[in-house]
Amino acid sequence: MLRLGVNIDHVATVRNARGTPWPDPLRAAQIAEAAGADGITAHLREDRRHITDADIDNLVAHLRLPLNLEMAATAEMQAIALRHRPHAVCLVPEKREERTTEGGLDVAKDEARLADYIAPLREAGSRVSLFIGHEPRQIEAAARIGAAVVELHTGAYCDFDTEGRIAERDAELEGLKRGAELAHELGLEVHAGHGLTFDTVGPIAIMPQIKELNIGHFLISEALFTGLGEAIREMRRRMDLARSLD
Ligand SMILES: CC(=O)[C@@H](O)[C@H](O)COP(=O)(O)O
Ligand SMILES: NCC(=O)COP(=O)(O)O
């Protein structure tokens, strides 16, 4: 079965626009659970632009679904993850000035440091996931350092689709397909995510090696019009439909 992880970061973005206690990311997570989500993803950015430390405390204390904590590979974040021991830790590249996560982690360039960095997280019982592009050298490096999971960055595929750049979109999709195959062959669990929408989820969900999709911004956007539960149920329906065609 293809799992759906719901990313609740942008519930916090709306809350932080006013400094009120609402909308509450934990309440969103509880609605996601009731709507059939398999997990919750939250990205504790170094600049705390959306999810805060208190949100992570609250999620860890009250969430029943597995928590996938996205974070940069810094000493501060490692200490937070070791304190909470979430189900999964997904390491992502972060640039303070970026609007959203640009590209994947350069595991190949930072292999020795990342191998040391993930060792205590693994020992603490968290599944370590690396958010990477589909380039073979990144996937091979992820396997060498002992990550359990790679999450393939679908952002470029989604952006090309939105911009109507069909040839580039299809080339990116082919790269993701080959990346998923290679990662699976190397014994990595394969996840995918970033920028996925109702229109772009099908060609990703159909890839049989992919076990989990993490989707946030579009679901929170759609929730403004249909409610979060309905947005999640429709996404699940489209994922299941694509899988049934495989
Ligand atoms: C790593 C990733 O894809 C998500 O965390 C996504 O980036 C949501 O957070 P931002 O919108 O802050 O990038
Ligand atoms: N890792 C990807 C994620 O959690 C969700 O990304 P997005 O759907 O908010 O772009």
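## Stop 1: five annotated residues

Select D9, H10, R45, H50 and T100, which an unreviewed UniProt entry annotates as "binding site". Keep in mind that you're looking at a predicted model. Those five span 92 residues in sequence, yet no two of their C-alpha atoms are more than 12.2 Å apart, so they gather at one spot. Want to know where D9 sits? Color helix α1, residues 9-18, and you'll find D9 in it.

## Stop 2: ligand 1

Now click on ligand 1 and show what's around it. Which residues come nearest to ligand 1? Of the 13 around it, they are H43, V92, T100, T101 and H194.

## Stop 3: another annotated set

Next, select N7, R18, G195, G216 and H217, which UniProt also lists under "binding site" (again from an unreviewed entry). This set is spread over 211 residues of sequence and is also spread in space, with up to 24.9 Å between C-alpha atoms. To place N7, highlight strand β1, residues 3-7, where N7 lies.

## Stop 4: ligand 2

Leave N7 highlighted and move to ligand 2. Its surroundings are N7, T41, E151, G193, H194, G195, L196, N214, I215, G216, H217 and F218. H194 is also among the residues that come nearest to ligand 1. Now show β8 (210-215) and α10 (217-226): each of them supplies at least two residues of the shell around ligand 2. Color by class here too, and the shell of ligand 2 shows 3 nonpolar, 8 polar and 1 charged residues.

## Stop 5: a pair of helices

Last, pick helix α7 (residues 155-162) and helix α8 (residues 166-185). How do you describe two packed helices? You use the angle between their axes and the distance between the axes. For α7 and α8, the axes come within 8 Å and cross at roughly 160 degrees. Angles over 145 degrees count as roughly antiparallel, so α7 is roughly antiparallel to α8. Their crossing is left-handed.

Which residues make the contact? On α7, select A156, Y157, F160 and D161, and on α8, select E168, R169, E172, L173 and L176. By class, this contact has 5 nonpolar, no polar and 4 charged residues.

Terms used: Residues are numbered from 1 along each chain as its sequence is written. Chains are lettered from A and ligands numbered from 1 in the order in which they are written. This is a predicted model: local features need pLDDT of at least 70, side-chain atom pairs count only at pLDDT 80 or more; totals for chains, interfaces and linings use all residues. Axes are lines fitted to C-alpha atoms, for helices over the stretch in contact, and angles run from 0 to 180 degrees between N-to-C directions. Helices (H or I, at least four residues) and strands (E, at least two) are DSSP runs, numbered from the N terminus. Angles under 35 degrees count as roughly parallel, over 145 as roughly antiparallel, 65 to 115 as roughly perpendicular and the rest as oblique. A crossing is left-handed if the near helix is turned anticlockwise from the far one by less than a right angle, and right-handed if clockwise. Two residues are in contact if their C-beta atoms, placed from the backbone, lie within 7 Å. Ala, Val, Leu, Ile, Met, Phe, Trp, Tyr, Cys and Pro count as nonpolar, Asp, Glu, Lys and Arg as charged, and the others, Gly among them, as polar. A residue is near a molecule or strand if its C-beta atom, placed from the backbone, lies within 6 Å of it. UniProt positions are given in the numbering used here, feature names are shortened, and annotations may be inferred rather than shown by experiment.
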